[in-house]
Structures are given as structure tokens and as C-alpha cells.
Amino acid sequence: MAWLFSNIQTLDEPKQDKLAGKVEGHYFRDALSMPLNNPSLSPSQLQHAIFAHMPSWVTGLMRVRNSLVAHLGFEVGADNLAPTCDELNVGDKAGFLTVIEKTQDEIISFAEDKHMIFYISVLKQTNQVIVSTLVNPKTLIGRLYLRSILPFHYVIARTVINNAIKDKRI
């Protein structure tokens, strides 16, 4: 399947982004790097370019996920990660996420419920963008949920990023 996403490189756990300092206990961390073809975009604009264009099948899966996990105490706000505008500020919503940090090179959004804390970082570098995810489960249910969704995360993250590359949005 890696050949489908040949422009996307899986990285070791990044140490240069601000998510590195948010790791707690049992956690999941991944990072994907892709070429930056439009260096004038800010990290916020890059987040918008990637996540504001979810395929309908992803939105459908999020709806199913929300209906299944709502009874377990998981946060089930919006069905997507789509920012409402392309230049977000701290406190703004990006789908079910809230922007908590923003610098010239990086934007971090998160969501929290009683089972886990979920973060996304979009880090802009000279010729690449690194999208990184961190999940800090707080409960056994959070850890079990995380294990069950990882196969979906792998495919969805790479598909959404690949679509942004293919459509020349980043």
C-alpha cells in the first residue's frame, strides 16, 4: 500500500515540534512528511488545505464512529477536522479540534474527553510539511479505542494528505 502514498514519508517520532513536550504515559505518536510546493502558505493555511477537503467516505466513517462511541463518554462533536477558515488563531475551532498553539512555523489543535487527549501538529519547514498526531489515552477504554482505530487512522491520514498533494493545495 505504500506505493499509493509515495509522496508521503513516515518519520520517526519528531523531537522538533511542540507535541514532543505533550507526551504522557501510554501514547501513540506518528508523523508524516510531504513536499511543500507552495512555501507562501502558513501552517494554518496548510492545515486548512489538508483537512478542509475530507472525502465523503471519511465523513461517513466519522458519523458511524460518533454514533458508536458517544455511549462510552467520547467527545463526538463535528464529524470532521475541517477548519472554518484558512487562517486560524488560538481558540478557533477546526472541526472538533480547538487551536491551542500557533507560531510562524507550527499550529497545534487538540480535543479532549474523559478517555483521551488528541493533538494534531502542522509544522512547516523550508521544503516540507510535517503533520503529526499525538494521542494520550487516559483510561483503559481510551487505549482499547486507540488500538481499534489505528488501521483507519493509517489509511485516512495518508489519503487526506495525498489528496492535498494531488490537488496541488499544499
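**Cores, a covered helix and hairpins**

User: What makes β4 and β5 a hairpin, and how many residues lie between them?

Analyst: β4 and β5 form a hairpin with three residues between them. Strands are DSSP E runs of at least two residues, and helices are H or I runs of at least four, numbered from the N terminus. This is a predicted model: local features need pLDDT of at least 70, side-chain atom pairs count only at pLDDT 80 or more, and totals for chains, interfaces and linings use all residues. Residues are numbered from 1 along each chain as its sequence is written, and side-chain values use heavy atoms, without hydrogens or water.

User: Why are β4 and β5 called paired?

Analyst: Pairing needs at least two DSSP bridges between two strands. β4 and β5 have four, in the antiparallel sense, so they are paired. Thr 98 stands opposite Phe 110 in β5.

User: What about β3 and β4: how many bridges join them?

Analyst: Two bridges, antiparallel. Lys 93 has Thr 98 in β4 as its bridge partner. Their hairpin has two residues between the strands, and Gly 95 takes a positive phi near 65°.

User: Why is α1 called mostly covered?

Analyst: Buried means under 20% relative accessible area, exposed over 50%, partly exposed in between (1.4 Å probe, protein chains only). Seven of the nine α1 residues are buried, among them Leu 46, Ile 50 and Phe 51.

User: What makes a nonpolar core?

Analyst: Buried Ala, Val, Leu, Ile, Met, Phe, Trp, Tyr and Cys residues, joined through side-chain atoms within 4.5 Å. The largest has 36 residues; Met 34 and Ile 50 are among those touching the most other members. α3 gives the most, with eight residues.
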